Amino acid sequence: MTDSVKTLCPYCGVGCGLEVSPPAAAGRATHRDSQGNPIWKVVGDRSHPSSQGMVCVKGATISESLDKDRLKYPMMRDSLSDPFRRVSWDEALDRIVDRIRTVIATQGSDGICLYGSGQFQTEDYYVAQKLIKGCLGTNNFDANSRLCMSSAVAGYIQSFGSDGPPCCYDDLELTDCAFLIGTNTAECHPIVFNRLHKHIKRDRKAKLIVVDPRRTKTAEAADLHIAINPGTDIDLLNGIAHLLMRWDKIDTLFIDECTKDFPAYAEVISHYPPELVARKCGIRIDHLEQAARYWAESERVLSLWSMGVNQSSEGTAKVRTIINLHLMTANIGKPGAGPFSLTGQPNAMGGREAGGLAHILPGYRSVKNPQHRAEVERLWELPAGRISPNPGRDAWSMITGLETGEVGLLWIAATNPAVSMPDLERTKAALLKSPLTVYQDAYYPTETAAYAHILLPAAQWGEKTGTMTNSERVVTLCPQFRLRPGEAKADWEIFAEVGRRLGFVEQFNFPDSAAVHREFVQATRNRPCDMTGISYDRLQQEGPIQWPCPLDGGRESTSTQQSGILSNLFKGKEEKPKGKRLYMDWRFNTPDGRARFAAYHSKGLAEPADETYPFVLTTGRLYGHWHTQTRTGRIEKITKMHPNPFVEIHPRDAEKLGIKDEDWVEVRSRRGRARFPAKVTKAIAPGTVFVPMHWGALWADNAEANSLTHPEACPDSLEPELKACAVRLVPISAI
Ligand code: SF4
């Protein structure tokens, strides 16, 4: 390749456009990484609508990771104590197919599990879930997105009748008030934050509220930082709603015409007076009142959230409680306003569209819905009744299924559960019990590879062609621009080959990824995420395209007709709705077209602090690193930026325990222990400590945040509460 190519950053869900040039492009010296491999030049793509040429350190340095520690050939071993030996693709796939047949014969197809990833391209997702749900007849295909955004999915479905973030990034520059809760956007979604922050600085009337127990970089930029006690989000949100109600700052016309179940919600929020809320949340009453005032005085409020809300045992309730505020103030379906979840991974959104969780089917369908199952069975030319009506195993129940012996084959692809799952000691013990684990990844070693019997080399970013959807529903074509190392294959090719070997030749007869994409978009026809108007050709010619994009609808949303109420709202205003947002007609995807209020009292943390474990541990992410460092741990600039893990402790707590800055501290929970140097800082509230989640056994000894966390999950989304657990601190000098 001699010309530059446009693609998408493969890290976070912001989905920035990148322009990549080959190592020896004309007129440039070839830069090389520490292993002597030529480095591709990566810059921001100025024409990409989401990022407008911006790129953070992760996107800018991605090419340094492309050639390091690559898994190039299939490998196999009989037991975990044996060394791996190189085998042919035939030998590896024969063993997998044999095992699938054995498990079906002895345990039934529910004994087979595939655990995938938000780093898949949509084509990988689509073929994987077709193999498991369609051909094997079990819904045991889940992805690491379960640990990331499944609470947002459940919240949208329950409130609006279907999944799908209603907003777009242009709203960042149109809002009067940005309400950020449970998101360290400046570090975890930096380019979204850049766009928002520039707007806040430019428009002096626009306000930024940040709700976070930590004083993060995001909080430092806020007009109002509310450092609530961990787990009190619902109390705070209900408290704001209480004041809006008391001040008569709600939109009764919208509530009456476009929503349902408001009276029950109004009854619940009547029990959240400011004094009570301030006490429960550990905040000042005037801060609560100021937040409510910003909501009341702003015509357009935009809420952003991510893991701090989603990774909770009441994650769905939190999401719905955020949405309640938007419904009571009609802050939705108009520029600069709406509830907007930020996805952690580059293509978690594509997974939602393609059926990439254990309870959904492609096109935002549900496995529980008989009509949805029948539609997908027809598309796949499979006999009626082939798709199971039962949701499959979610990520954590794959682990518990290994414990009980109900899982006879675990296939893991593009994710690293030996670092990212909660309660790691239990996770690792379960992985040791697995009769056969297949691990498909681009890199070796990883922490999870140590638990695998079969390793399959996967082509990664730039080595296969496919599509990805970012948090604002923009689909970008990501073309192959470099050769694959060794015998690596695209994930979808591996899944399709297994499907054909199992006898589903017609179903997996895809000559290339474009053919997969053509079938996938057919599954979205007349669905809320209709993408039938999107094709590889069109993406190549026009660049990224936002959905909904039906075949006859071009780039515009299907939902641009304004109701009488909304057209009044925009009368005389410069900005007209452009079709970039969902629900612009204020008709939702519920049977009666009305959005639903939900009334929740907070239950608090699943494991609150107590006398034995007096601190709340919260976990999070750093600017340069991403997930479990599979890529970023191999990039020098980033490892220099964040060389070590640490535990943040408030000076008051540190003093009580005799801990000084940089002293080593053992953090203990009911499940495990980990050791970190202390970072004594007022950024964290007294009684709370913070540990970054990026370090697994490959990168540091005894520094795994998730050896401490627990798997207690939201009952609706099944997303574990990775963000909080009870711990105690022991100075190493005292051990
Ligand atoms: Fe990549 Fe996210 Fe950084 Fe954009 S903000 S360059 S998508 S990591």
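**Close-up views of a predicted model**

**View 1. The residues around the ligand.** The ligand is surrounded by 14 residues. Cys9, Cys12, Cys16, Cys56 and Gly59 are the closest. Sorted by class, the shell holds nine nonpolar residues, four polar and one charged.

**View 2. The largest nonpolar core.** This core has 224 residues. Five of them touch the most other members: Ile209, Ile240, Leu617, Val667 and Val689.

**View 3. Leu617 and its contacts.** Leu617 is one of the core residues that touch the most other members. Leaving aside residues up to four places away in sequence, Leu617 touches Val667, Ser669, Val689, Val691, Leu708, Ala724, Cys725 and Val727. Val667 and Val689, in that list, also belong to the top group of the core.

**View 4. Two stretches with pLDDT under 50.** Residues 554-564 stay under 50 in pLDDT. The model gives this stretch 25 contacts beyond four places in sequence. Residues 569-578 also stay under 50, with ten such contacts. Where pLDDT is low, the coordinates should not be read in detail.

**View 5. Confidence over the chain.** Mean pLDDT for the chain is 94. Of its residues, 95% reach 70 or more. The model scores ipTM 1.00 and pTM 0.95.

Methods. Residues are numbered from 1 along each chain as its sequence is written. This is a predicted model: local features need pLDDT of at least 70, side-chain atom pairs count only at pLDDT 80 or more; totals for chains, interfaces and linings use all residues. A nonpolar core is a set of buried Ala, Val, Leu, Ile, Met, Phe, Trp, Tyr and Cys residues joined through C-beta atoms within 7 Å. A residue is buried if 20 or more other C-beta atoms lie within 10 Å of its own, exposed if 12 or fewer, and partly exposed in between; C-beta atoms are placed from the backbone. Two residues are in contact if their C-beta atoms, placed from the backbone, lie within 7 Å. A residue is near a molecule or strand if its C-beta atom, placed from the backbone, lies within 6 Å of it. Ala, Val, Leu, Ile, Met, Phe, Trp, Tyr, Cys and Pro count as nonpolar, Asp, Glu, Lys and Arg as charged, and the others, Gly among them, as polar. pLDDT is the predictor's confidence in each residue, from 0 to 100.
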